[in-house]
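Dear colleague,

Please find below the structure I promised to pass on, together with its sequence. My notes on what I found in it follow directly after.

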Amino acid sequence: MRIATWNVNSIRSRIDRVEAWLQRTDVDVLAIQETKATDAQFPFDRLAALGYEVAHHGLNHWNGVAIVSRVGLADVVPSFADAPSWGEPPVVEARALTATCGGIKVTSVYVPNGRALEDPHMAYKLQWLAALRAQAQHSVEAGETAAIMGDWNIAPQDEDVWSMEYYLDKSHVSAPERAAFQAVLDTGFVDVVRPHTSEPGTFTYWDYTRLSFQKRRGMRIDFILGSPAFADRVLGAAIDREERKGKGASDHAPVVVEIAD
């Protein structure tokens, strides 16, 4: 079974590429982030035509997460327990979605961007990650075969950014953010992709500006974390850097893991 995650940066702008990529890669389950669509705007029909069931959680033209599966889609739950709110008035944003696909509990996450080290959004991000950690802990204690995947907006290791000097005073690499990521790993979840993609300069995101992709100035911020029961089934993993190329590409590359049935 092939399971993948991809921040598409607007499903309506990227649906042609998503369709082509699914057909080319034979992926069974895809967790999508940053759909930037309401349910009424999401192209359910086009993915259904490819044989995929679709669950989507989107409230407006910001954020938005989805799971598409051709191996079953059940127990769909938007967000998660104790997720913090943001905005005025405060709302629980569309940043997480969980479903059972082929016996695997899949959670698509779009972790808040901290924006800047002293920004109130950073405190919100850390609160959000603390609530997610509690969900991870529950999955491990329950012995679930589970994967939490998506855009984490954190580069947990120095080699996950093209230049630590450039990012030292910026978000994504701060000690509190990295500690929050590590706290999820401390529950027993495992980064199942890194062992198969450990080459220097391996990234999943490149900004659209300043020729970042061409100059290899990227970040590794998209991850698939698996519970022990999930990690034991992993056969291999890859980051599809080629999908970042060409006209109309997302600024993120898909991340794919292959697991034993």
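Ser79 is buried in this predicted model, its relative accessible area of 12% falling under the 20% cut-off. The residue is found in the loop between strand 5 (74-78) and strand 6, and once residues up to four places away in sequence are set aside, Ser79 touches His57, Val92, Ala96 and Leu97.

Thr202 lies between strand 9 (190-191) and strand 10 (205-206), where a polar atom of its side chain is 2.6 Å from the backbone oxygen of Glu199. Leaving out its neighbours within four places in sequence, Thr202 is in contact with Thr197, Arg220 and Ile239.

The remainder of my notes concerns helix 3, which runs over residues 120-141 and has 22 residues. From its first C-alpha to its last, helix 3 reaches 32 Å, which is close to the 32 Å expected at 1.5 Å a residue. At the N-terminal end, helix 3 is capped by Asp119, a side-chain oxygen of which lies 2.7 Å from the backbone nitrogen of His121; beyond the other end, helix 3 is followed by Gly143, whose phi is positive, near 70°.

Which residues of helix 3 are buried? They are His121, Met122, Tyr124, Lys125, Trp128, Leu129, Ala131, Leu132, Ala136 and Ser139.

The packing of helix 3 against helix 5 can be described in some detail. The axes of the two helices come within 9 Å and cross at roughly 10°, and because angles under 35 degrees count as roughly parallel, helix 3 is roughly parallel to helix 5. On the side of helix 3, the contact is made by Met122, Lys125, Leu126, Leu129, Arg133 and Ala136, while helix 5 contributes Pro176, Glu177, Ala180, Ala183 and Val184. By class, this contact of helix 3 with helix 5 has eight nonpolar and three charged residues, with no polar residues.

Technical notes: Residues are numbered from 1 along each chain as its sequence is written. This is a predicted model: local features need pLDDT of at least 70, side-chain atom pairs count only at pLDDT 80 or more; totals for chains, interfaces and linings use all residues. Side-chain values use heavy atoms; hydrogens and water are left out. Helices (H or I, at least four residues) and strands (E, at least two) are DSSP runs, numbered from the N terminus. The expected span of a helix is 1.5 Å times one less than its number of residues. Buried means under 20% relative accessible area, exposed over 50%, partly exposed in between (1.4 Å probe, protein chains only). A polar contact is a pair of N or O atoms within 3.5 Å; within protein, one must be able to donate a hydrogen and the other to accept it, and residues adjacent in sequence count only if both atoms are side-chain atoms. Axes are lines fitted to C-alpha atoms, for helices over the stretch in contact, and angles run from 0 to 180 degrees between N-to-C directions. Angles under 35 degrees count as roughly parallel, over 145 as roughly antiparallel, 65 to 115 as roughly perpendicular and the rest as oblique. Contact means heavy atoms within 4.5 Å. Ala, Val, Leu, Ile, Met, Phe, Trp, Tyr, Cys and Pro count as nonpolar, Asp, Glu, Lys and Arg as charged, and the others, Gly among them, as polar.
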